[in-house]
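Please look through the structure below before reading on, and keep it in view while you follow the text.

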Amino acid sequence: MSKELPGHAQVVIVGGGIVGCSVAYHLTKLGWTDVLLLERKELASGTTWAAAGLLAQLRQNQEMTNLAKYTVDLYEGM
Ligand SMILES: Cc1cc2nc3c(=O)[nH]c(=O)nc-3n(C[C@H](O)[C@H](O)[C@H](O)COP(=O)(O)OP(=O)(O)OC[C@H]3O[C@@H](n4cnc5c(N)ncnc54)[C@H](O)[C@@H]3O)c2cc1C
């Protein structure tokens, strides 16, 4: 990871928690090559640090349950 900031990026993501990392992951998976993720401390040092490893699949509504299922499938394929 570079500490020198580029002068331009197609997209800038602020925050390297699960949301920021996931957005960066999915954009690059879709073919975006100019993605910049800025993290003020360390990756996953925010609330994501407290949540790693627990992938409950039943959530409060169908959309959240679908999202949790997608995450489990994603990790299984890595
Ligand atoms: C104790 C605890 C237990 C939890 N357990 C679970 C669980 O079991 N299952 C579950 O699904 N969820 C759980 N959660 C909720 C889950 O952790 C959060 O919903 C999730 O981590 C949020 O991710 P995020 O990327 O939005 O935020 P964060 O992980 O907080 O990431 C934000 C990042 O942005 C960075 N940042 C902030 N401001 C700036 C700035 N100006 N410039 C650059 N970087 C910046 C921070 O340093 C941080 O790294 C838990 C939360 C807590 C607190």
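Predicted model: local features only at pLDDT ≥ 70, side-chain atom pairs only at ≥ 80, totals over all residues.

Residues are numbered from 1 along each chain as its sequence is written.

**The chain as a whole**

The secondary structure of the chain comes to three helices and two strands, where helices (H or I, at least four residues) and strands (E, at least two) are DSSP runs numbered from the N terminus. Read from the N terminus, these elements follow the order β-α-β-α-α. The C-alpha trace spans about 45 × 30 × 25 Å along its principal axes. Of the 78 residues in the chain, 1% are buried; a residue is called buried if 20 or more other C-beta atoms, placed from the backbone, lie within 10 Å of its own, exposed if 12 or fewer do, and partly exposed in between. Two residues are in contact if their C-beta atoms, placed from the backbone, lie within 7 Å, and among contacts between residues at least 6 apart in sequence, 43% join residues at least 24 apart.

**Strands and the first helix**

Strand E1 (residues 11-14) and strand E2 pair in the parallel sense over four bridges, where pairing requires that DSSP finds at least two bridges between the strands. Within this pair, Val-12 stands opposite Leu-36 in E2. Together with H1, the two strands E1 and E2 make a right-handed β-α-β unit; right-handed is used here if, with the strands pointing away from the viewer, the path from the first strand over the helix to the second runs clockwise. Helix H1 has twelve residues and reaches 16 Å from its first C-alpha to its last, close to the 16 Å expected at 1.5 Å a residue, the expected span being 1.5 Å times one less than the number of residues. After H1 comes Gly-31, with a positive phi near 110°.

| Residue | Other C-beta atoms within 10 Å | Class |
|---|---|---|
| Leu-38 | 12 | exposed |
| Ala-44 | 17 | partly exposed |
| Thr-48 | 17 | partly exposed |

Leu-38 is found in strand E2 (residues 35-38), and, leaving aside its neighbours within four places in sequence, Leu-38 is in contact with Val-12, Ile-13 and Val-14. Ala-44 lies in the loop between E2 and H2, and has a positive phi of about 65° although it is not a glycine. Most residues other than glycine have a negative phi. Thr-48 belongs to helix H2 and, again leaving aside neighbours within four places in sequence, is in contact with Gly-17 and Ile-18.

**Around the ligand**

Which residues are closest to the ligand? They are Gly-15, Gly-17, Gly-46, Thr-48 and Ala-51, out of 18 residues that surround the ligand, a residue being near if its C-beta atom, placed from the backbone, lies within 6 Å. The elements that give two or more residues to this shell are helix H1 (18-29) and helix H2 (48-51). By class, the shell has seven nonpolar, eight polar and three charged residues, with Ala, Val, Leu, Ile, Met, Phe, Trp, Tyr, Cys and Pro counted as nonpolar, Asp, Glu, Lys and Arg as charged, and the others, Gly among them, as polar.
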